[in-house]
Each structure stands twice: as C-alpha cells, then as structure tokens.
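Dear colleague,

Please find the structure below, followed by a short account of what was found in it.

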Amino acid sequence: EMLMSEVVGPLQYMKDWIGVARPWLKSKKLPISPLAFPRKKAMIDRVPRGVVGVIAPWNYPFGNFFKPVFAALLSGNTVVLKPSEFTPRTGEWFVRLMGYFLPANVLICVQGDKDAGQALMRAGIDAATFTGSYASGRAVAALAAEAMIPCSMELGGKDAAIVLADCDLDRTVAGIMHWGIHNAGQNCGAIDRVYVEDAIADRFVEKLSRAVSALRSTSGDPLSTDVGAVVHRGQLQIVEELVADARVKGAKVTAGGAQSGKGLWYEPTVLDGCDHSMRVMKEPTFGPVIPICRVKDADMAVRLANDSDYGLNGSVWSQDLVRARELATRLIVGTAFVNNHAFTGAIPAAPWTGVKHSGYGIANSTFALGHYTRPRTVVVDHKRSADGWWFPMDADAQELGQCLAEAQLGNVRAALKIPFLMSRRQRTVMRFVREAKHVGTPNPPAPMLPRRMPGAVRARKIAQGALRLLNPPLFGFERAWVASIFGALFSGAESQGLTLLSDKEVGDFMDDALHTFPFPAWLGIRLNIWVAALSPIFMLGKFTTFPHLTVEERIGILESFEKMDSYVLRQLTILFKINGAFCELSTSRFHRLRAEHQKKVSEQAIKDALAPRASADLGANTAKVEA
C-alpha cells in the first residue's frame, strides 16, 4: 500500500508540477493604454516569497512533503521542513536525499513537537504551509497573523459518500472499501461517512461487511497483511472511543470493531445504522472505520452530507452520470467526485482544497503557486519628456483632464485635442523646472461639465429613441395573426394530449422576442408576420387575412411557402417553426399534422370509391333481413 500511494508517484508528480508551474511563473506583459500613458511598458513578475516553513503531518510520512515542498522550490523559495514528531526519520531522509541535487541550505529539516513548530513560525519565515488537524491549525493561523505572513491551512476532513440505488453495487463496494480504509483510514480525504438509499441498503451493507471482514490486519509479516496499523496510541484511543460511542447509541458492528493482534492494529470496521447523534458521524475518525447511515432518497443524503463542520471531498456513486453530477455539484466541498474519491490529491494540476474546518489552503495547481509567490510589477518609461499631468497645474492641465474625461464618453473632438494639449503640457513642465516659475496661464475656476452630451453619445441616444418608436408592442390584430400562424403549424398538438398556449401567451412571447432582438432583426420578424398575414391576397386571390382562412387553407399556404423556390419564403416558414418551438410547441408536430392531413384525404378518397359498393351491399342485406 505504501509503494502504491507514496513511492511510485514522485518522479511523475515532479514532471507534472514543472508543466503546471513553468508557464504560470513566466513574466507577463501588463496592458497599458498608449493614449493615457504614452510610451510606458510594464511586466508582472512572480517573485518568490523567500523562506517557506512547511509543517507536515504524520499520516503520509513521505508523500505529504510533495505538494508544499516541490511547489515552494519550483517557485524559487528556500524551505524549512518540520516533519511530525511521530515520523522524524522520513523527513530527515527526504531532506538528505534532496540535498544531493539542491544547493546547500535550500532545503533543511528541523525536528520537534509543537514547540518546534511555534518556534519556526516566530523565526522570521516569509510564508508557511500547515497540514494537520483543525485544532492545531487554529494555533498556527494565529501565529501567522501575529507575524503578518501568508499561511496555507490544509486541515482535516469528514468526507461523505452518497450511494444511490442505481449504482454498480460491486464497484461501489470496492471503491468505498478502499477509500474508507486506505492507509488504515488515516487520510484527510478518506470516506468517513456513507449515506446509502434504503432500497439497496441491506445488500450494500452485507456485501461491504463481507469484503471488509476478509481484509487482513494483524501484526507480523507485511506480505500477509492488507491494512496497516494506526500510527500512535493516542490515535488508536480516539478510534476506540468513537466506535464505542456509536455502539452505545444504537449502531451495529457488522465487521471488525476491535484491536487485532499486538501493537496498534485495529480491525477494519463497518458500522450500520449510524446517525448524526453519534460522534463517529461528526468528528474525523482517522482510523479504519466506515460508518453507514441509511437515507430514504438522494435529497436527504445531500442534506446530511452537507451537515458537517468539514468540506474537503465528497462523492456520489450512481450509473446515472447526469443525475450524479448534478447531485455532486450540490455538495459543499472543495472537490466533488462521481464514482470515485480523493485521487486528485496526486494530480498537480488539480486544486486540493476545502471549506469550513477543512481550511482555506490550496495545494496543487496554479492556485497554490499564488501562495508561494507574490506579484511584482516592473514599469519602464521610454519617454524623454515629462508627463502632461506633472506639476505645475495651469489651464492647459485642466483642459487636458476635461478632454480625457470627455474622450471616454465618446467625444471625438476632445480625443483629437489630447495629443496637442499633452505636448504643450510637457513643454510647460520642463520649462517650469528650468526657470522655477509659472510661465503658463494660472488655473481658472473649475468649469461646469457641459450640459449637452458629447456628439457621439447624443447621436446614439437619438437613434435608440427613434428605433424604439419604430418598434411598438404588437398591435391587437398582429397578435391575432401570430396566434393563427402558430395554431396552423401546431394544431395537431391537442390531439396528442398536449396543451397549446393561449393566444395571449403567444402574443406575449412574440412581444418579448421583438424587444429582445436588435435592429434590424426585429424589423425582419415584423415584416415576416405581415407577409404571412396578407398571403391570402396574393396566393389565394382572397381579399382577407390569414386568421379568416380555414385550417386547411392555412396549412396549404404554409406548405406552399416551404416548397417555393423563394429562399425568403422558405426561411419565413422556418422562422415561424422556430418561434413556435420557443412557445413550447414541438416543430415535429408540423410534420405529424401534415401526415395526418394526407391520411384523412386518402381515407376520404377510399370511402368515396367504395360508396356505390356499400350501397349495393346494404340493399342486399336489407332484403335478407326482411325475408
């Protein structure tokens, strides 16, 4: 397990980190307006903080160094690493190994308990990264605030998994077993709560308990053991207390539930029938324990999953990926998963972060690099003359400011004056420095802003007002035209058990459409309505409008539009179909209606053809009845 989780990854992890960091750490050009700030260029550099203090936890005594140490070094910092007092040798070995490749004192190691950590925070470092429990994190954050340095807090978790009734049961059991008991549960991203829907709860608990019971967890030969030991006796005591509390409050132990062998081994444990009155559903267990809470549906599961002081990761297990993704986005967590859990901690491009008591720090990704660097802007002025806004102040300076303001409002004449005023101001400034006296016109009283709008803005306002006058809401007869057109297109809807919108709702929709589209689109829509409404005059020779035709005549006109060589009329029919679809009417109903109409015509033709024969048969039958 250690080989898979901590040893295999470092080389690929470092390569991936370089790919993430290299482009982000490059200097970037700052865009500067050449009109307001002529001949000035600037770059934004990412500058190392300096000395970064890293306080690491004990649960992954090697892998926990990767995220903060590699990011800090790649950003150009030096690092002081304090490993946990429970795993000091791994930290010493890691720093010694890195020392073969790094200059002296770029990465050093200090040992000790919380006193050493407090001393490091007060030693004058420039930034800190802390990974550990919420209680210890609060103390470190207070020291960082006292020193006025940034501190990334990567704290604990109480991750929830939501198991839906349609999940792939075998794969879900395997995934939750792994992420619940991985590293003996000593993982801030472990599945520490499971909410399973009632419909499959019995089968899920039975299958998970049987699999967990088969895991080997005893002292002795590592090759004959699946699950490792708890790291220290204090943590083992916490695990035992939480399991005992759950038992007293009604939870049922379906697997494990006790120490195994000698030393600090604890059996992988499954607790069924848990609820939020139990400490095991509220506090981080940091042990090989999977508590299960049965829920009636997914909404209840999401509500209970969010009912936590922690918010690191969360996962939803289901074969309906669309629904599962929607539920995952409702989880208040840093990373939400569907059908997996927590593995993004090994991906440098993916932010590893949480909310609430899980801390405000970010590991991995470019978001984390912002913690290890600070932005520095470097500006180079290529001008040889003075800037126009420098001292002394005079009438030209005031006019320059006025023109700059009006140019931003679209006043072209003011914009054209700016270069001349700027040039005159530059000469005034340099002459003032040489002669040390005012040579220009002193400041007059500040003029009022012009009452009239600048020409471009005023013209635009007038044009917008004129267009509004040309586009009034639909008149009553126009609304009737639109309703009749849509009614002809989709009159088959009611026969299919669907309800058409009322004429008023159709008219309201078209009003909204007309005032949403810009000119000239709304003008084209209105013209199309008029063309369709008056089509009976030039297509049927009837001096009337579209609503006064029979349904068959309306359908015939629209079908003719669709078949005509005229591109404009074909587009007109498509436009009406689209707008009708936006009115919650399916465009396919037009084709269904046409098929139904043709079927009725065919049936009538058959009836007409069979009418004489039917009459003869009827006479013969009548004679038989009389006989």
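Strand S8 is joined by five bridges to strand S9 (residues 191–197), and the two run parallel; strands are DSSP runs of E with at least two residues, helices are runs of H or I with at least four, both numbered from the N terminus, and two strands pair if DSSP finds at least two bridges between them. The model is predicted: local features need pLDDT of at least 70 and side-chain atom pairs count only at pLDDT 80 or more, whereas totals for chains, interfaces and linings use all residues. Residues are numbered from 1 along each chain as its sequence is written, and side-chain values use heavy atoms, with hydrogens and water left out.

Within this pairing, Ile-162 stands opposite Tyr-195 in S9. Five of the five residues of S8 (residues 159–163) are buried, so the strand is largely enclosed by the rest of the structure. Here buried means under 20% relative accessible area, exposed over 50%, and partly exposed in between, with a 1.4 Å probe and protein chains only. Asp-159, Ala-161 and Val-163 point one way from S8, while Ala-160 and Ile-162 point the other way.

Turning to the aromatic residues, the structure holds 12 aromatic pairs (rings of Phe, Tyr and Trp, the last by its six-membered ring, with centres within 6.5 Å; planes under 30 degrees apart are stacked, over 60 edge-to-face, and the rest tilted). Phe-337 and Phe-343 form a tilted pair, because their ring centres are 5.6 Å apart and their planes stand at 55°. Of these two residues, Phe-337 is buried at 5% relative accessibility, whereas Phe-343 is partly exposed at 38%. Phe-475 and Phe-477 form a stacked pair, with 5.8 Å from centre to centre and 10° between the planes. Phe-475 is partly exposed at 42%, and Phe-477 is partly exposed at 41%. Ring pairs also link Tyr-13, Phe-62, Phe-65, Phe-66, Phe-70, Trp-93 and Phe-94 into a cluster.

The charged end of Lys-67 sits over the ring of Trp-352, 5.7 Å from its centre (the criterion is NZ of Lys or CZ of Arg within 6 Å of the ring centre and within 35 degrees of the ring normal).

Finally, Gly-124 is placed in the loop between helix H5 (114–121) and strand S6 (127–131). Gly-124 is exposed, with a relative accessible area of 57%. The C-alpha atoms of Gly-124 and Val-51 are separated by 8.4 Å, although these residues are 73 residues apart along the chain.

Yours sincerely
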